[in-house]
Amino acid sequence: MVERLRGFRDFYPEEQEIRSDVFRTMKDSCTQFGFKEIDGPSVENVELFANKSGMEIMNQMFSFRDKGEREIALIPELTPTVSRMVAARKDLVKPLKWFSVQKFWRYEEPQSGRTREFYQLNADIIGSESYLADAELISLGAYILKSLGIIGFTKIRVSSRILIDRLIEKYLPGKREEVYYVLDRWSKISQPDRESFVKENGIDLGVLSSFVDGKILEGYDDPELQNLFKIRDFVSSSVGVDIEIDLKIVRGIAYYTGCVFEASDREDKFRSILGGGRYDNVIGQLGGENTPATGFAMGDVVLENIMKSKGLWVHKGGKQIFLAPIDQQGRMYSTRVASVLRSIGLKVDLNVMERGISKQLDYASKMGYEYVVILGEDEAKKKTVSLKILSSGQQKEIPLTGTDELFGAMK
RNA sequence: GCCGGGAUGGGGUAGCGGUGCAUCCUUGGGGACUGUGGAUCCCCGGACCCGGGUUCAAAUCCCGGUCCCGGCCCCA
């Protein structure tokens with residue numbers, strides 16, 4: 001048998017229906033915030049990523065040469081595509097609020113929270129350099145976490161590269177790379193490792209500690225810090241979620257220019273669930289007008305880990321009905337009953353095996369149906385249906401013309 | 001790319017050099033029961049990851065590979 005490729009996943013119905021619920025929740029949230037859905041290609045010319053993303057990303061792409069000798073790659077992220085789309089259209093009315101849910105690919109070692117093919121929700125606001133755009137975007141992220149029922153298990157932290165750069169310039173001049181590196185990994189590395197790294201790189205541990213705990217911000221007056229305060233207040237007011245200003249949030253991406261943020265579970269047991277920031281230079285670098293932009297991405301893999309750990313990875317579907325004909329008259333009649341029930345919006349599964357009532361009930365039960373409608377010669381003659389409620393075993397016969405009101409309440 | 005730990009029917013497992021056709025549960029298909037049996041009874045299907053090696057003998061020991069689960073790197 002041919003095996004599934006490493007790092008890829010199959011989704012069987014019982015799994016897929018949950019995924020559909022989750023994606024629908026995310027998309028509905030975006031729509032409620034006035035974001036418009038977009039979609040783009042699954043492959044792009046590698047140059048699109050080469051320019052902006054650096055070496056690491058090049059090594060982690062599924063790239064190949066096509067029949068026309070073009071070097072192309074399965075997209076590892078959306079930002080370059082979005083930027084390309086914006087750069088190509090000068091007539092777009094700003095600001096743009098766009099979102100998409102689609103697949104991405106990265107050739108990495110699969111492990112917890114990471115696969116080679118995954119879905120991401122991307123949301124971007126393009127054309128506004130105001131803190132309002134960052135605040136609206138973070139609000140959207142918080143709203144989605146709320147809609148999914150996990151806001152209580154997560155924390156959202158925000159920072160700014162402009163602010164960090166100024167602080168580094170003032171207190172630890174010339175150590176930008178090193179400070180970024182150690183802040184990003186602060187909670188992942190041990191105390192002795194921190195100290196030796198700091199010592200080796202000639203960084204003052206006392207000053208660095210005040211970055212970590214935020215003491216350095218006390219009494220510091222800076223317009224970018226004021227923006228972070230405003231963002232915090234905006235999010236609190238718009239979605240009732242408290243976010244935290246934390247200088248340890250630097251994000252690894254080369255192209256971020258201002259506000260950066262991420263959401264993670266409170267115990268930091270998983271990878272970050274959502275991450276993003278401001279990328280004001282990318283669209284201009286791709287040949288478009290200089291256009292400020294901010295966005296975030298949220299992957300399905302970590303989300304699934306967290307929701308499963310909280311028992312929230314479950315399907316919340318409507319009632320489903322199985323039609324079980326027990327004889328030839330019942331089979332003919334069942335198509336008519338199916339038609340009537342479907343016309344009032346119910347999900348109706350019709351038996352397609354010529355087998356007895358026992359096996360049909362067994363099947364319906366294993367498939368998780370709530371109701372079975374038993375149909376035979378008697379029902380066909382009387383124009384009725386026999387409704388059996390599987391959870392209780394109760395059964396009653398009702399006229400087909402009366403199904404509207406009866407089943408209406410089931411939806 | 002690097003480092004650990006794993007791999008027995010669809011799922012979960014027992015066996016860890018030879019003792020009956022690889023154990024048990026579950027799952028799947030069919031039949032009987034010809035309107036209540038999501039029962040019962042009967043029948044059937046289905047596995048030692050792949051390739052080498054050691055040995056009289058390998059699911060079992062050794063080596064390599066593949067895949068899975070973690071971790072590093074990195075996280076767009």
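Biologist: On what basis are the values given?

Modeller: This is a predicted model, in which local features need pLDDT of at least 70, side-chain atom pairs count only at pLDDT 80 or more, and totals for chains, interfaces and linings use all residues. Residues are numbered from 1 along each chain as its sequence is written, chains are lettered from A and ligands numbered from 1 in the order in which they are written, and side-chain values use heavy atoms, with hydrogens and water left out.

Biologist: How many aromatic pairs does a search of the whole structure find?

Modeller: Rings of Phe, Tyr and Trp (its six-membered ring) pair if their centres lie within 6.5 Å; planes under 30 degrees apart count as stacked, over 60 as edge-to-face and the rest as tilted. The search finds eleven such pairs. In one of them, the ring centres of F322 and Y363 are 5.4 Å apart and the planes stand at 55 degrees, so this pair is tilted.

Biologist: Which parts does the pair of F322 and Y363 tie together?

Modeller: Helices (H or I, at least four residues) and strands (E, at least two) are DSSP runs, numbered from the N terminus. F322 belongs to strand β12 (residues 320-325) and Y363 to helix α13 (residues 357-366), so the pair ties together parts 41 residues apart in sequence.

Biologist: Where does the charged end of R185 sit?

Modeller: A charge sits over a ring if NZ of Lys or CZ of Arg is within 6 Å of the ring centre and within 35 degrees of the ring normal. The charged end of R185 is over the ring of Y181, 3.8 Å from its centre. Likewise, R116 lies over the face of Y107, at 3.9 Å from the ring centre. Ring pairs also link Y107 with F8 and F62 into a cluster.
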